Amino acid sequence: MEKAFFSSKESNMITGLFNAVAIIYDVPTVQLTENALSVRTMDPSRVCMVDLKIQRAFFDEWIPSDLRFCLDLTYLLKLLKRARKDDLVKFEINPKDEKLYLGMSNEKTCRSFTLSLLEPEDEDPPTPNIEFTAKFLMPVRDLQQLIDDAFLASDHIRFEVENDLIKASSKGDLTSMEAHLPKESDAILDLKVTKPCKAIYTLSYLQDIVKACSKVSDLVTIELGEDLPMKISFSTYFEGKLDYYLAPRIEVE
């Protein structure tokens, strides 16, 4: 199997995207094809899935081989944090010696690191096929504020979506929170509802996701259905995707 190379001057974005995966699972399998780098993996409890794809146009250099490899993102992120703003970061994957070679270079210096590869998974989890009934677009900062407010009361959040209104609430033993976001609110940039719905989700996952992705995106699209998984899609300036699927929390009456 041949080596693969790709490089980018966007070291902060690369770091942010890998971190967005690591918050869900820190030893994912990465798929390289002729046109893209992709990661689709779930957390060990199988509550949340992340689906990342970065098209080759994002990279300054792209000489891939069709291969799958696994790496420990905890160590990779420590290495990437050593990159300077003006560094060209280059990845070389060599399946034969099971190594990732990471280079960082600018006009003054050239540094290199080596990271051992791990055994990849045979298959990626399938993309969920869900018929959502509500979809809305909002700034990431507003979603982050909503989640942080809800966390003051409880460890879960309830979303209720109507034709022209989004309600978010959380209730604990001592306090509660409720927010109303009408369609005409500055926090709601677009709202489409085919059928009103409601669902409850664990806040710790949402807080980690939004905190990580706030460093790589300004806008987020949320898709919901009655007690269905939530799809969270972050807008990126490059062609590709960064999506999450979060399982609902089902209340037993």
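1. Glu162 and Lys167 form a salt bridge, with their closest N and O atoms 3.7 Å apart. The term salt bridge is used for a side-chain nitrogen of Lys or Arg within 4 Å of a carboxyl oxygen of Asp or Glu. E162 is partly exposed because its relative accessibility is 32%, and K167 is partly exposed at 24%. On this scale, buried means under 20% relative accessible area, exposed means over 50%, and partly exposed lies in between (1.4 Å probe, protein chains only).

2. A note on the basis of these values. This is a predicted model, in which local features need pLDDT of at least 70 and side-chain atom pairs count only at pLDDT 80 or more, while totals for chains, interfaces and linings use all residues. Residues are numbered from 1 along each chain as its sequence is written, and side-chain values use heavy atoms, with hydrogens and water left out.

3. The structure holds 12 salt bridges. One of them joins the side chains of K3 and E92, at 3.5 Å from N to O. This pair links distant parts of the chain: K3 is in the segment before β1 (4–8), E92 is in strand β7, and 89 residues separate them. Strands (E, at least two residues) and helices (H or I, at least four) are DSSP runs, numbered from the N terminus. K3 counts as partly exposed because its relative accessibility is 39%, whereas E92 has a relative accessible area of 18% and is therefore buried.

4. The aromatic residues come next. A pair of aromatic rings is described by the distance of the centres and the angle of the planes. Rings of Phe, Tyr and Trp (its six-membered ring) pair if their centres lie within 6.5 Å; planes under 30 degrees apart count as stacked, over 60 as edge-to-face and the rest as tilted. By this rule there are 11 aromatic pairs. F59 and W62 are stacked, because their ring centres are 5.0 Å apart and their planes are at 25°. Both of these residues are buried.

5. The rings of F234 and Y244 have centres 6.0 Å apart and planes at 85°, so this pair is edge-to-face. F234 sits in strand β17 (residues 230–234) and Y244 in strand β18 (residues 240–246), 10 residues apart. F234 is buried because its relative accessibility is 4%, and Y244 is buried at 0%.

6. One aromatic cluster is formed by F6, F18, F58, F59, W62, F91, Y237 and F238.

7. A20 belongs to helix α1 (residues 11–22). With a relative accessible area of 0%, A20 is buried. A20 and L242 are 222 residues apart in sequence, yet their C-alpha atoms are 8.5 Å apart in space.

8. On the surface, D97, E98, E119, E121, D122 and E123 gather in a patch of negative charge. Patch members have over 30% relative accessible area and no salt bridge; like charges are joined within 9 Å. Asp and Glu count as negative. E98 is in the loop between β7 (88–94) and β8 (99–105). Because its relative accessibility is 48%, E98 counts as partly exposed.

Conventions:
Patch = residues over 30% accessible without salt bridge, like charges linked within 9 Å, V, L, I, M, F, W, Y side chains within 5 Å. Areas by Shrake-Rupley, 256 points an atom, 1.4 Å probe, with all protein chains shown as cover. Charge placed at Lys NZ, Arg CZ, Asp CG, Glu CD.
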